[in-house]
Each structure stands twice: as structure tokens, then as C-alpha cells.
Amino acid sequence: MRAALFQSVGKVIVDDVPDASLSEPTDAVVRVVRAAVCGSDLWSYRGIINRAEGARQGHEFIGVVEEVGAEVRTVRPGDLVVVPFKWSDNTCPACLDGVQTSCERGGTFGAAGTDGGQGEAVRVPWADGTLVTVPGDAGESLYPALLAATDVMGTGLHGAVLAGVTAGSTVAVIGDGAVGLCAVLGAGAVLGAERVILMSRHQDRAAVGRRFGATDVIAERGEEGIAAVRELTGGLGVRHVVEAVGTPESWSMAVGMARDGGSIGAVGVPHTAPTLPLFQPLVHNLSLSLGIAPVRRYLPDLLSRITAGTLDPGPVFDNVLPLEEVDRGYTAMAARESIKTMLTMP
Ligand SMILES: [Zn+2]
């Protein structure tokens, strides 16, 4: 089968690899129908972190179950399934706490010894705990939305949940990448926020943000951005902030625009040693919640909404390429010419 492999900084290739196959009785083999390039795939592509030559790429994919091990009970061959970016048994203490990303038997697709999502098929460990079958008959038109649910939609929603967003909330979202845009959608369409302020200075991203329910878009950054948010909120600042970037600058903005007693939910992954400004949050009684999204926890609800037609994160994909041209997707995203790339399979 064909799969994307890391070759060197700035170069991802597609080559022949051994076919995905069952290894444990709890495994399933999933034939991939759509895969995506993630912002975190770009770290090694840009040379920010090291990656071995030949490493399998990708952790965002949806597909059809092709084969299941003898102990798999909840999915069957032919099922269309959505796969969270980490697998989990969904039975251990961490999973039962809703932190499936900390599963004691869990792991990440694309790590050494596993199949990556950017390939024709994937061995999925702990299939019963990991895979969520799409309800009903979902046509291809829903594939972009379902693919977004594997990571960015769940991650954006998690940011809004961590920020304490509920019905009627006013929330500001820092970050206009796919995760920030999905935080806008999650805050409004899923959690019922009334006012959603998106910090964005890119016209195309702001347009998707408005489509996702942003009521205000602020192009300014830094102190000017903070001042603009405070002006919109009677000088008080916002009670809820989603931080979806992960840089010291974005954290300063989050702290600066939060109302006293407010909450910051952070899902932006820090690229450098964290330098949290802790004095200001202490003085202003801010709650800080951070976390890698346990997407598996959110999937059943997200898939119900997507198949019912009440949630559509699909527009985060503005670039569609065949697997063989995956490198063009990385290049476009690294150059910020594309928000997010979807791959079709041969
Ligand atoms: Zn577990």
C-alpha cells in the first residue's frame, strides 16, 4: 500500500509500505477514505522538532473498517468510522475520567511502529475503545466535517469547554488556524455562546470564522488587540478566553483580555519552554485550564450533530489533494497559503 513518509525537513514523500494488518485480537484494519495534514505535522517539516527519516506521517483520518480481530465487538467490516488522533481502550481509569489521551494502553498514530493516517490503510489498536461508527448513511459530502472531528473540531471544542463557555457566554478566541476556527464553532454552535470574538488578521480565515458564528473579528494584536476586546466588553474584558496558539505573545493577550475572575482554556501547544505569566492571573483571579483534547470523549456527540446537519466544521479544509501530492499540502500549510489540507485516497 502507499503511505506518506517523512524524508527530511521540507520533504514528505509517498512510497510503498507493508500492508496494514491485524496484530492483536483487539485491532481493526481501517481503509482510509480521507486524511488530513495537521498543524503539528508541520513541526518536523519546518525543522522545529526532529523526526526520523522514513517515519510514517499523519494522525487524522476517517475510513471504512476492513477487518477486525477476534475480540472486537462494537465495529464491523463495512462500518464508516471516525478515528480520534490517539487510540485508547476507553475502559481504564483515565478513559473513564474522560481523559482518553492519558489512556494507559493508548498511543498516537504515526509514532514509531504504527501506521500513519496519511496512507491507504491503518492498523487501529483497541478498536472497540477507539473507533466511533458514523450513525446512519453518511455520504461523501459529510467527509470533510467528519475528518475535522478527528482532531481540530474536538480540540477547538475542548478549548471552549476548558474556558468554561456555556449558553449565553461571551468568549474571545485567540488563533485563527483550524483549531481556533473550530473553537469559534464549538463555543457557539455546540455550547451556545452568545458572543464570540475572533482575533484574526487574515481575511480568508476571518470569513470562515464569521461563517462559524464569530460575532466580532478583531485584527489588532498585542496591547492593541487587548484594548479592542476591552472596548467591546465595556472595559471589563471577556469572562472566557480560548488560547489556540501556544506562544508567549498569545498567552499575554489571553491574560490581558480576560475579565477579573474569568477563565482561560488553552489548547495551543507550546513550541518553546512554557513561560506562563503567573503573577497577573493570580492578582486577577483567573482560572487557567490547559489540555490536549481527549477527542474520543466528544466524538459521539459531534458525530450526531454532523450527521443531523447542525454542525459543519468541513470548511476548515480549503485545499484538497490526492495522497500522492501530499507534499504540496505541507508546503501550502507551512507557507500559510492554506488553512488545512484534506487528502483523497487512490
Ligand atoms: Zn484507557
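**Figure 1. Strands S1 and S2 pair in an antiparallel hairpin.** In this predicted model, strand S1 covers residues 2–8 and strand S2 covers residues 11–16. Six bridges join the two strands. Two residues lie between S1 and S2. Gly10, in the turn, has a positive phi of about 80°. In a regular strand, side chains alternate between the two faces of the sheet.

**Figure 2. Four residues coordinate a zinc ion.** The donors are the OD atom of Asp89 and the SG atoms of Cys92, Cys95 and Cys103, at 2.1 to 2.3 Å from the zinc ion. Along the chain, these donors follow the spacing D-x2-C-x2-C-x7-C. Cys92 and Cys95 are both buried.

**Figure 3. The donors around the zinc ion are arranged as a tetrahedron.** The four donor atoms subtend angles of 93 to 122°. The arrangement counts as tetrahedral because all of these angles lie between 85 and 135 degrees.

**Figure 4. Three leucines make a nonpolar surface patch.** Leu276, Leu278 and Leu290 form this patch, which has an area of about 280 Å². Leu276 sits in the loop between strand S14 (258–266) and helix H10 (279–283). Its relative accessible area is 33%, so Leu276 is partly exposed.

Key:
Residues are numbered from 1 along each chain as its sequence is written. This is a predicted model: local features need pLDDT of at least 70, side-chain atom pairs count only at pLDDT 80 or more; totals for chains, interfaces and linings use all residues. Side-chain values use heavy atoms; hydrogens and water are left out. Patches are made of residues with over 30% relative accessible area and no salt bridge: like charges are joined within 9 Å, nonpolar side chains (Val, Leu, Ile, Met, Phe, Trp, Tyr) within 5 Å. Accessible areas come from the Shrake-Rupley method with a 1.4 Å probe; for residues, only the protein chains shown count as cover. A salt bridge is a side-chain nitrogen of Lys or Arg within 4 Å of a carboxyl oxygen of Asp or Glu. Helices (H or I, at least four residues) and strands (E, at least two) are DSSP runs, numbered from the N terminus. Buried means under 20% relative accessible area, exposed over 50%, partly exposed in between (1.4 Å probe, protein chains only). Donors are N, O and S atoms within 2.8 Å of the metal (3.2 Å for Na, K and Ca); water is not among the atoms, so sites may look incomplete. Four donors count as tetrahedral if all angles lie between 85 and 135 degrees; four count as square planar and six as octahedral if opposite donors are over 155 degrees apart and all others between 65 and 115; anything else is irregular. Two strands pair if DSSP finds at least two bridges between them.
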